[in-house]
Amino acid sequence: MKRSRFSDEQIIGILKEHQAGLSAADLCRKYGVSDATFYKWRSKFGGMEVPEAKRLKALEEENGKLKRLLADAMLDVSTLK
């Protein structure tokens, strides 16, 4: 998966600029992102603060680890059958 040029904190800062009154088109031009990317960020991080975003990222990582553990366990069970 491609890694973003912007951290979660930077994205939240950009969204706060939008809430302060700058237009989405101006922000996209300023930071070099597409409109689609901006609106995807807004749907994911809209209204969040930095600590909440860090918690979200930690939960997503934990969820990924648990999914891998479950897949490995299911694979072990299927090989034992």
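**Close-ups of helix 2 and its surroundings**

**View 1. The buried face of helix 2.** In this predicted model, helix 2 covers residues 24–31, and Ala-24, Leu-27 and Cys-28 are its buried residues. Looking down the axis of helix 2, you'll find the buried residues within an arc of 100 degrees, so they line one face of the helix. What do these buried residues pack against? They sit against helix 1 (8–19) and helix 3 (35–45).

**View 2**

**View 3. Helix 1 against helix 2.** Two packed helices are described by the angle between their axes and the distance between the axes. For helix 1 and helix 2, the angle is about 145 degrees and the axes lie 9 Å apart. Their crossing is right-handed.

**View 4. Who meets whom between helix 1 and helix 2.** Helix 1 brings Ile-14, Glu-17 and His-18 to the contact, while helix 2 brings Ala-24, Leu-27, Lys-30 and Tyr-31. Sorted by class, that makes four nonpolar, one polar and two charged residues.

**View 5. The two domains.** Stepping back to the protein chain, the domain assignment gives domain 1 (1–48) and domain 2 (54–80). Taken over C-alpha atoms, the centres of domain 1 and domain 2 are separated by 30 Å. How many residues of domain 1 are in contact with domain 2? Four are, and they touch four residues of domain 2.

Terms used: Residues numbered from 1 in each chain as written. Predicted model: local features only at pLDDT ≥ 70, side-chain atom pairs only at ≥ 80, totals over all residues. Heavy atoms only, no water. Buried < 20%, exposed > 50% of the residue type's maximum accessible area, 1.4 Å probe, protein only. Helix = DSSP H or I, 4+ residues; strand = E, 2+ residues; numbered from the N terminus. Arc of directions from axis to C-beta. Contact = heavy atoms within 4.5 Å. Axes fitted to C-alpha atoms, helices over the stretch in contact; angles between N-to-C directions. Left-handed = near helix turned anticlockwise from the far one by under 90°. Nonpolar A, V, L, I, M, F, W, Y, C, P; charged D, E, K, R; others polar. Domains from an automatic or database assignment.
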